[in-house]
Amino acid sequence: MQKFIRIDMTTLKSTITEVPAKYAGLGGRALTSCFVNDEVNPTCHPLGKNNKIIFAPGLLSGTSAPNSGRMSVGAKSPLTGTIKESNTGGSASQMLAKMGIKAFVIEGKPADDQFYVIKLDINGVTIEAAPAEILGGCGNYEAIRILGEKYGAHVGIALAGPAGEYRMPAANISFKDPDGNMRSAGRGGLGAVLGSKNVKAIVIDETGAGKVPIADPEAFMAASKVFAKALLDHPVAGKGLALYGTDVLINILNEAGGLPAKNFTAGRIDFNDNFSGETMNATITERGGDGKVSHGCHKGCIIRCSQWYPDKQGKYITSGFEYETIWGLGANSEIKDFDTIAYIDRAMDDVGIDSIETAVAVAVAMEGGLIPWGDGDRVLEIVKEMATPTPLARIIAGGAGVVGKVCGLYRTPVVKDQAIPAYDPRAIKGIGLTYATTPMGADHTAGYCISGNILKIGADIDPLKKDGQIEYARAMQIGTAAVDSTGMCLFVYFGVADNPAGYQALIDMINAQYGINLSSDDVDELGKTVLRFERDFNKRAGFTNAHDRLPEFMEYEAIEPHNVVWDFSPEEIDEVMKF
Amino acid sequence: MDDAKKMLEIRGFLQLDAFLKKKYGKMPIFLEIDGPISGLELSEKLGINRDDIEVIFVNGFVQQIDYILNPGDRMAFLPPGCPGPYRIALGFYGKNQDNAANFKIKKDE
């Protein structure tokens, strides 16, 4: 029997039931978004007692399927006011799946200020007072060490860092990875939701758990092999991401003129070589020590886009050092020293704050005169101050939208109050349509995958022209919503998009695990259904098509080198979500 | 035509970054040309393996390998391995559909 767990923080009691029938066929984002739409009052305050936060492994998590260790976290977002699904690696998803936990929900709110640790193990749920030493500003690295000593090094951990404890709108939920470092359910402030329920940490102990049941093991293994080969044969997985990480995109987006620079006032810089993926590879290789060019964020990852970035003495600084963070602090904030960017990335992991939201907020704060342009040392101080937040640290942790308002700026790159990531919509128009219309607020990962024949959608795309972009943005969001429900990392997309056998193998694995017979049309329909749940929630929360817009300045401020503005009409934008 | 206008500004990404920096000691490289030259011809001139090129950038636009370059252009060689939906959004999928070394599974496998 798969379990559905509810933990009520008002009464400090939990219930474990069979999975409600309507959720039985869902996993990951499909489950979290369906549940939030069903049970969370869309007009509730995100930090009040009526919000609920749900954690759900994907459909394939816990199996031997490569790259299937992702987990979805869902709630109403304190950053955007919309529904939110935030996705993470780490160890927790696979452990929960092996324990037969389809999902667990945290609801209610304690009457006092006591923070708690929730422990999930094979015997059920335990709720106990959080150790005092991990509260009140203790960094996540130290908190994971302390919790590891108390509960065992083998356990999975999800944490509200100091930013979450203080309920700051950009707070993330940090997840321990297999090496004891951090992965994040980064976007949308779900760490603040966890903090609002006085939950400091969730400890997951899989001791005694069995294997995930597979209805047809032979068919599953056969499909899994085909799938793994499709991933490994593809140059993106085999070369690009494994050697250069996602930071490989710095040089590429810069060359395309779509790398937002100095708070979105240009599309290209001349100091990109300071912190490109190629420079990262060379630096890690040269420094040696703890450095690793390639590293997986969860067991079974065969793409290995993460890395360990060391200091000049070879000592570990940070991992999962992503393009969007490096872009936001580098190109967009003009911090030109790679090591300084790495230390800020580590500090953001340590306080538990979304590195994209924070990096964009920093650039807006620089434009607003709160921080000198390019002053990485000051940014590092401010991020560290988020552990026991000063007023300025709270403002930056409020997100880019808050900073723009505080500074009286019109050039604030947000959609639904979530910061626009590292791809300028004026120069890459299809991405702009996704930023505008995704139910999540501006989110590059909302439009990452297409199911089916990519050439029907993508063969004639010109990044500066409108032709085909509406169909592109629609298909990408539908495909992504489906893949987010499987527990698969979005980077499997390359193997399945360019190799029809790989895509079929993904469906075959789901069918073999559950003894069902999904077709690619069914998977497409799942993606559409997820988006409908999310749009319905947002509509009932008060959002309309008028919120599906990019910031106005992009309509009249052209960026070099292509000298382009955002020129989709409201009517054209609204076509994206018609399906 | 003055000297600057005769120059091609050349970059290489992924493994070609290290390759060109090692060979020429810097990035970007400036190469004087007298007239139009295709991306393929340029790659041969620089000793770049054809399998190491998925697409080229020319003045900020993705083009296929045989696109004609002119003096004064800024160009870059991009090997297979660029991740993300940007492959579609930047126009990779309309380029090089018939080339053995493009993003698709290699023809000899």
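Tutor: Two residues are in contact if their C-beta atoms, placed from the backbone, lie within 7 Å. Please note that this is a predicted model.

Student: Which domains does the assignment give for chain A?

Tutor: The assignment gives domain 1 (3-204), domain 2 (242-419) and domain 3 (429-574).

Student: How many residues of domain 1 of chain A are in contact with domain 2 of chain A?

Tutor: On the side of domain 1 of chain A there are 38 residues, in contact with 30 residues of domain 2 of chain A. Elements giving two or more residues to that side of domain 1 are α3 (140-151), β9 (156-160), α4 (162-165) and β11 (182-185) of chain A. Of these, α4(A) gives the most, with three residues.

Student: How are the strands of a sheet paired, and what is the order in the open sheet of three strands?

Tutor: In general, strands pair through backbone hydrogen bonds, either parallel or antiparallel. Here the order is β13-β14-β15 (chain A), with antiparallel pairing. The edge strands are β13 (292-295) and β15 (316-319) of chain A. Between β14 (residues 306-310) of chain A and β15(A) there are three bridges; W308(A) has S319(A) as its bridge partner in β15(A).

Student: Which helix packs on the sheet, touching β13 and β14 of chain A?

Tutor: That is helix α9 (residues 277-287) of chain A, whose direction makes about 55° with that of β14(A). Helix α11 (residues 338-351) of chain A lies across β14 and β15 of chain A, at about 65° to β15(A).

How values were computed:
Residues numbered from 1 in each chain as written. Chains lettered and ligands numbered in written order. Predicted model: local features only at pLDDT ≥ 70, side-chain atom pairs only at ≥ 80, totals over all residues. Domains from an automatic or database assignment. Helix = DSSP H or I, 4+ residues; strand = E, 2+ residues; numbered from the N terminus. Pairing = 2+ DSSP bridges. Axes fitted to C-alpha atoms, helices over the stretch in contact; angles between N-to-C directions.
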